[in-house]
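Here is a short briefing on a helical packing problem. Look over the sequence and the model, then read the points below.

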Amino acid sequence: PEYYTQQFEDNKITADEAIMSFIHLGDAKSAWSFYQKLLEDPATDPRSVLNSDSFQSLLELVCVNNGENIPLNTDPFELFLESRKDAPQRTWNRSGPAENLFQSLPEKSNDAFCAMIRGSSKFNDSTRAFDLKDEMQKLGFKLNLKAYNALLRCLSLLKADLPSRMQRFEDLLQNMKKDNVVPCLETFNSMLFFLRISKIDSNTY
C-alpha cells in the first residue's frame, strides 16, 4: 500500500490512480487511510482531486465490507449477492467510513444511496436501510434491483410488528413494478427468505 502513496507523493500518479489502485486490490483500509490523508493535507481537497467515479467506487468498497478489508481477488460488488448467513453476527457501523463518506458528499447520487442501502442491509441494520430508502424516494431517486433485493432480504429484521412488515413487503413489490424494475432469481429468493422467516404461507400472497 505504501507504494501507491509514495507514487502519489512523488507526483508519478494522480490521487484518482492511487485510490483506485487500493480499491482494485480490495484494500478498504488503505483506500480509506489515503482518503483521510487527502482530507488532512491543507494542500489537497478530495473534492477537487478525486472524480465522482472514485468517490462512488470508494463508497461501494467501504459499504460492501463495512470498512474492513476483504480477501484479494474478491469482487466487492459480487459480495452483495451473498447470503446474510456469511456475516451473522456483524452489524453495520453507523460511525464507520461508509457513513462518514456518505455524509460528506456534497451531492448524494442515486448510486450512493443504493450502495448505502446494500451495505447496511448486508450488515443487518434494516432500520438504517429503510430510512435511506425513504429518504432517497423523497428526493425523487429510484432504487436499483440490487437495492430492492437487499431490502427484501433484511425486511424480517425490521423492528416492527408483522402487519407493518407485510405492508413494507407489499410496498416494495409495488414500487418495483412502478419503477419498471424487473425481478431476478435473487429477488424471488429474498422474498421467500422473508416469508419463511416471518412464518407466512407464501400461497396467501
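Helices H5 and H6 cross with left-handed geometry. This comes from a predicted model. The two axes, of H5 (residues 52–64) and H6 (residues 97–104), come within 8 Å and cross at roughly 150 degrees. That angle makes H5 roughly antiparallel to H6, because angles over 145 degrees fall in that class.

**The H5–H6 contact**
- H5 contributes Phe55, Leu58, Leu59, Val62 and Cys63.
- H6 contributes Pro97, Ala98, Leu101 and Phe102.
- By residue class, the contact of H5 with H6 has nine nonpolar residues, no polar ones and no charged ones.
- An α-helix has 3.6 residues a turn, so residues three or four places apart point the same way.

**Helix H9 and its cover**
- How many of the 10 residues of H9 are buried? Eight are, so H9 (residues 145–154) is largely enclosed by the rest of the structure.
- The buried residues of H9 are Ala147, Tyr148, Asn149, Ala150, Leu151, Leu152, Arg153 and Cys154.
- What covers the buried residues of H9? The cover includes H7 (110–122), H8 (126–138), H10 (162–178) and H11 (185–197).
- At the start of H9, Asn144 places a side-chain oxygen within 3.3 Å of the backbone nitrogen of Lys146.

**Leu185 on H11**
- Leu185 belongs to helix H11, one of the helices that cover the buried residues of H9.
- Is Leu185 buried or exposed? Its relative accessible area is 61%, so Leu185 counts as exposed, the cut-off being over 50%.
- The C-alpha atoms of Leu185 and Asn149 are separated by 9.8 Å. Along the chain, these two residues are 36 apart.

**The chain as a whole**
- The protein chain has 11 helices and zero strands.
- Read along the sequence, its pattern is α-α-α-α-α-α-α-α-α-α-α.
- Of the 205 residues in the chain, 48% count as buried.
- What share of contacts between residues at least 6 apart in sequence join residues at least 24 apart? The share is 67%.

How values were computed: Residues are numbered from 1 along each chain as its sequence is written. This is a predicted model: local features need pLDDT of at least 70, side-chain atom pairs count only at pLDDT 80 or more; totals for chains, interfaces and linings use all residues. Side-chain values use heavy atoms; hydrogens and water are left out. Axes are lines fitted to C-alpha atoms, for helices over the stretch in contact, and angles run from 0 to 180 degrees between N-to-C directions. Helices (H or I, at least four residues) and strands (E, at least two) are DSSP runs, numbered from the N terminus. Angles under 35 degrees count as roughly parallel, over 145 as roughly antiparallel, 65 to 115 as roughly perpendicular and the rest as oblique. A crossing is left-handed if the near helix is turned anticlockwise from the far one by less than a right angle, and right-handed if clockwise. Contact means heavy atoms within 4.5 Å. Ala, Val, Leu, Ile, Met, Phe, Trp, Tyr, Cys and Pro count as nonpolar, Asp, Glu, Lys and Arg as charged, and the others, Gly among them, as polar. Buried means under 20% relative accessible area, exposed over 50%, partly exposed in between (1.4 Å probe, protein chains only). A polar contact is a pair of N or O atoms within 3.5 Å; within protein, one must be able to donate a hydrogen and the other to accept it, and residues adjacent in sequence count only if both atoms are side-chain atoms.
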